[in-house]
Amino acid sequence: MDSTSEAIERYQNGWRSGKPVEDPEKLKRWGFIAAKPSEYLVCTRRGAVDRARSGQGRRIFKWPWESVAIVPTTLQRIEFTADQITREHVGVAVTGIAVYRIAAPLLAARVLNFTYVEAASEKLGATLREMFVGAARRLVANLSLDDCLTRRKEAIAGYLMAEIAPVVGGEGAPDDTTNRGWGVVIDTIEIQQVRVQSEHVFADLQAPFRAAIAGRAELAELDRKRAVAERRAVTAREIRTLEAHAEAEATEVEAHEAARRAEIAAGATRQAIELEREHRRAKAAADAVALEAEHERLVAMQRQSLFELEHALELRRREADARDRDNALAVAHQQRLGELERGLAQVRAMHALIAGLPQLAQALRQNVGELNVTQIGPGDALGSVPAAIAQLVALAKSVGLELPR
């Protein structure tokens, strides 16, 4: 059984125990029955196929006196394995697959009972598998081991196709009772594996090839080593040549570099001399500028000194004038102070006189008896008495004293 049939649920009890579980919609005694687009519905009535009610994907109402079969027309796949010894008495296991389909559903419905679709499909697959196994064993028994291993398609698959396809293909008309075939088309047969069952024999078969491969590998290794040695020698010669060229180029480069360094040194010397000259010229110019600045500074200092000297002389003249003025002012001040002191003495004398005016007035009211006049210095002593008396009288009047008449 293939893996598909093994996965189908099966009846556990009853007369169909062990058979695949069928779709109850397809086992109705009466009622509507429909075929899928990938199924062909065959309706028979009174022992004959009702072509008007049969067809791909049809849906009909089934009466109790009618029979209906649902034939799947999709691709089906089966696997088979055949164990057999070859012509050299070497045991091999041939594993392959076959892809088939029902191309004439009316013929297939006559060969198999598709009233029970799952059981009929399983029975068809098992029958084809047994046919493939028997044909493969018969074929392998007449082939050599080398043909089995190297000519799988044409020696095994082609023979199986040529032997089994005509048997299951079918000829004639559906209502012809003398026709042959099942209405099944085998699309392809592929041999997946041919395996030598004896590991010892398989190892012996591989020994020459392994030895040849090992010899080729050793020769290839020797060729590789020789090529590597030759390449190394060529590379060594090339390296020596390159080293000689490199050494010559290095010598030439070194000479050019020495000449360039000498030229650079000469240029640097010339540049240093030129820089020294420029430096000297710049220094001389700077010195000239500094001397000019120093000259201007000295001239400015002389002018400043002259100005300061003139200013100092002016200040001294002004100070001298100020001192002269101060001296004159001091003299005038001393003179004024003397005058003020004299005036103050006169005022004090006048105050004393004024203080004594009342007594003088009292004395004047009386008769003048005796008059003592004291004079210091030359002159007429009595001659100033009237003037003095006149001044006293004026002074007394000025202060509001009343004198006797």
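What percentage of the 405 residues of the protein chain count as buried? It's 22%, with buried meaning under 20% relative accessible area for a 1.4 Å probe, protein chains only.

Quick housekeeping. This is a predicted model, where local features need pLDDT of at least 70 and side-chain atom pairs count only at pLDDT 80 or more, while totals for chains, interfaces and linings use all residues. Residues are numbered from 1 along each chain as its sequence is written, and side-chain values use heavy atoms, leaving out hydrogens and water.

Okay, the fold. The protein chain has seven helices and nine strands; these are DSSP runs, H or I of at least four residues for helices, E of at least two for strands, numbered from the N terminus.

Now the core. The largest nonpolar core comes to 42 residues, and Phe 132 and Ile 156 have the most contacts inside it. By nonpolar core I mean buried Ala, Val, Leu, Ile, Met, Phe, Trp, Tyr and Cys residues joined through side-chain atoms within 4.5 Å. Helix 3 gives the most to this core, nine residues. There's also a second, separate core of eight residues, including Ile 33 and Leu 41.

So what does Ile 156 touch, leaving aside neighbours within four places in sequence? Val 94, Leu 139, Leu 143, Cys 148, Arg 151, Ile 191 and Val 194 are in contact with Ile 156, contact being heavy atoms within 4.5 Å.

Among the residues in contact are Phe 132 from helix 3 and Ile 156 from helix 5. That contact divides into 13 nonpolar residues, no polar and two charged.

Technical notes:
Ala, Val, Leu, Ile, Met, Phe, Trp, Tyr, Cys and Pro count as nonpolar, Asp, Glu, Lys and Arg as charged, and the others, Gly among them, as polar. Buried means under 20% relative accessible area, exposed over 50%, partly exposed in between (1.4 Å probe, protein chains only).
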